Structures are given as C-alpha cells and as structure tokens.
Amino acid sequence: MSTKQKRYFLTEEEIPTQWYNIQADMVNKPLPPINPATKEALKPEDLFPIFAEELARQELDQEHAWVDIPEEVRDMYKYYRSTPLVRAYGLEEALGTPAHIYFKNESVSPVGSHKLNSALAQAYYCKQQGVTNVTTETGAGQWGAALSYAARVFGLEAAVYQVKISYEQKPYRRSIMQTYGAQVTASPSMSTRAGKDILTKDPMNQGSLGTAISEAIELAVNTPNCKYTLGSVLSHVTLHQTIIGLEAEKQMQKTGEYPDIVIGCFGGGSNFGGISFPFMRHNILEGKQTRFIAAEPASCPKLTRGVFQYDFGDVAGYTPLLPMYTLGHNFMPANIHAGGLRYHGAGVIVSQLLKDKLMEAVDIKQLESFEAGVLFAKAEGIIPAPESSHAIAATIKEALKCKETGEEKVILFNLSGHGLIDMAAYDQYFAGNLTNYEVSDEDVRKNIAELEKVI
C-alpha cells in the first residue's frame, strides 16, 4: 500500500448550489414515459399519486439545465460534502500503469454511500408537501439506509421493502435501517397483493428490485398521506446525484488535469449519471472527447445484452412504461452479492445516451469484481462495496490498456460506497464459495419474447 496520497476538497462556499439536468442539453431527448392505462405520454400530474409533486415535475423536466438545491438540503449536504477526490497512487503503483487514476470517495457519507444525496432531497420535498410517511425498496440496503436516515432528519416515517436475498445476506444493513427507525420487510412478502401473487407462483422466490418496487408502490398508494421514493433509475434521482460530478469537476480543476475516461458501476444509473453527466455536458456542448463507461454485472447485463423498448420498472406493472434498455421486468437476476446492481432495466436518460453512443457499457463477472475490490483495498486502504468493485474492475482494465500502450490517460471513477457491512460477502469470496453467474443467450431471448407479449 502506497503511503503517498493526495486528496482534494472544496470549501463550503464552493459546494454547488444547483443540480445539473442533462436532459435540457441532450440533442435527442429521452422518449416520454407512457401511461399504461391511456397509452399517452406521461404528464407530471399522472405521477402525483405516487411521488411528491416537485419530484414529479423534476422527473419530466427537459427544459431547465440547472435546478436550485433547496437551502435545507444544502445545509444537510454540508455535514459530509464535499467528499474527497483522491489520486489513487497506490492503485497506480500496484498496476504499474502510466495512467493517472482518481476516485470520488462517496463512502464518507453518514450512511456509507452516495445514496444520501437523493434521499435528503426526496425526503425534503415530501416534508414540504405535508407528507408524513414514505415507502421505498432497497437491494443491498444502501438506499434503504439512506432513505431511513433522511426520513428521520425530516421527521417522516419510513417503510422499506428489502429484496429477500439481500435481507438474508446483509443483516447489518437491515439493522442500520431499523436503527434509524424504519420498518423493514423482506420482499416478496405477504403484506401486499403484489407480494402474495409472486409468492403464490413461486414460494421460494428470493426477490428482485422489481418485486420490491411493486410492493413499495402498492403500500404508498394505499396509505393515507404517504409517498413512494426511489433510489435509482428515475431521472429526478440522477438529477440529485449530479452533485457528485459537479464537485468532481471543480476538484479536477485543482489537480490541473481533466478526465479522459469516467467510470461508474451500473444498476439503474444513479451513481453513474451522478459522476458522468456534469462532464458529459462538455462532450455535448463543446465537443470534448471524454469516454464514459458504465460497469454492470455479467449476471444482469441490460446495457450490454438487453433490448431498447418500453417496459415496466417493476414486476407487477404498477409503474409507467419507460423507454429503456431492459431484460424484461420479469427477469429474475442471479443472487450475486452486488445487490444494488440486480435490476432488470436502465434509466431512460442513460438508455438514450447509450443508444446515441455517447457512452459505453461493459459487463463484469462476480469473481473479477471481488478480485478488483481486494486489490483496491490493499492499494488504497478502503474496502469497497461489491457494487463499487465493478467500477474498480473496469478502471483496472482501462489502466492496464494504458500500461500496454504507454498512454498517460486520466481516469476518474466513482467509489459509490464502502464495503464494511459487506464482509460476509468477502468471507464467501475468500472461502472460494462465490461463483460467476452469466445469463445465457437463450434465457435473454426467452425473457424478452415474453416481455413483447405483455407490452
């Protein structure tokens, strides 16, 4: 492990006062979400029964490039922001690469991940509207922990449906949510119609983010003064996460360098968009040539092997129809430990950007991600979350290409969270009990064929 490390921060006054909405600058705007009942383009008021009204407006806003961060949210950001931008000298030395590697360390937030950036905003808007209860879903528990904390900050009651396999694999994330006062239920459950239907068909179902979303939405619409909140995929979530890239942009200026490559792990798109979109605007508006790489698990490869079409965001079909790269809302991903990446579809903004070739996607096998996470821990002293290790693995690949060519490229990746509550997964890795899961072409074709019958 290198003893040489350089970290860059911002002063309190330098912390951004606005989020960035890339939709306003995109040449090809994302196609509109569709109301499944009317088959018409969604209007903000169609979302009012589910989301806080301001969040519904942000979701469909393709006009305003900059959105003011409410002062109350910015005050809470100051508890942990700016997060450090770190020059990864240790990783560079371990790889013997001429590349300059930087990472944005979002693991320093109170809940250990980037998820708090949007949780605080969503809880604030709910509170401003007079909402008293919020519901949500969570995979690995990073988002559930963030929403539970944010709900406590703004005096809301929170109910979290956690994907059953993660509920069992990661009991301490469940404990964190309960510590903040949230009610946590393993999904699928018998507490909702959607959960009962899933368990009736498959009593041993281990759940997915799609099943948990269905249950959380059902509870929200059937509970007085309650709204649903979401941790990724949707455009307003990615909007809030651009605080990451906007800070990184200012911090990179302090280094005197500019990234040639920006990398983030990919589940639904929140941390990838958060680190990428502020830099991507310079590609769109100024013709810069930065590459943007989304690193997804090989067991859930919607970007690399999915199809672009309208699909539901959940298993039960409660959400609007979203134009996205998808494996089909009925896709049941393998039980990998990167629970936050086990989602069948991609957000509409990222899907359009990938379609327009403004970004790339790679798939990472589970064992490769853990190998990368261990190497990073030895080199930089931080044990990364299994989700973040996918970004590290993609970074290592690019850095080794630089070693082969001798190019001194600047690589920036988002360390979206630490893995200190994921040590059971590392135990399984060290014991040799983890395997690589890959989806067969036949399984992909079959699931997409079933999707086309439904949509």
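Visitor: Welcome me in with a residue: which residues does valine 237 touch, not counting those up to four places away in sequence?
Guide: Happy to, and keep in mind that this is a predicted model. Valine 237 lies in helix α11, residues 235–241. Leaving aside residues up to four places away in sequence, valine 237 touches Ser118, Gln122, Leu230, Gly231, Ser232 and Ser270.

Visitor: How do the axes of α12 and α13 cross: parallel, perpendicular or oblique?
Guide: Helix α12 spans residues 243–255 and helix α13 spans residues 270–286; their axes come within 6 Å and cross at roughly 60°. That angle therefore makes the arrangement of α12 to α13 oblique.

Visitor: How many nonpolar residues are in the contact of α12 with α13?
Guide: On the α12 side are Ile244, Gly245, Leu246, Ala248, Glu249 and Met252, and they meet Gly274, Ile275, Pro278, Phe279, Arg281 and His282 in α13. Sorted by class, the contact has two charged residues, three polar ones and, as the number you wanted, nonpolar residues totalling seven.

Visitor: Now the sheet, please: which strands stand at the edges?
Guide: The sheet is open, with seven strands in the order β1-β4-β5-β15-β10-β11-β14 and mixed pairing. A strand with a single partner has one side left without a neighbour in the sheet, so the edges are held by β1 (6–8) and β14 (360–364).

Visitor: What is the bridge partner of tyrosine 8 in β4?
Guide: β1 pairs with strand β4, residues 85–87, in the antiparallel sense over three bridges. Within β4, the bridge partner of tyrosine 8 is leucine 85.

Visitor: How many of the seven residues of β11 are buried?
Guide: Helix α17, residues 386–405, lies across several strands, including β11 (291–297). β11 is largely enclosed by the rest of the structure, because the buried residues among its seven number six.

Conventions: Residues are numbered from 1 along each chain as its sequence is written. This is a predicted model: local features need pLDDT of at least 70, side-chain atom pairs count only at pLDDT 80 or more; totals for chains, interfaces and linings use all residues. Side-chain values use heavy atoms; hydrogens and water are left out. Axes are lines fitted to C-alpha atoms, for helices over the stretch in contact, and angles run from 0 to 180 degrees between N-to-C directions. Helices (H or I, at least four residues) and strands (E, at least two) are DSSP runs, numbered from the N terminus. Angles under 35 degrees count as roughly parallel, over 145 as roughly antiparallel, 65 to 115 as roughly perpendicular and the rest as oblique. Contact means heavy atoms within 4.5 Å. Ala, Val, Leu, Ile, Met, Phe, Trp, Tyr, Cys and Pro count as nonpolar, Asp, Glu, Lys and Arg as charged, and the others, Gly among them, as polar. Two strands pair if DSSP finds at least two bridges between them. Buried means under 20% relative accessible area, exposed over 50%, partly exposed in between (1.4 Å probe, protein chains only).
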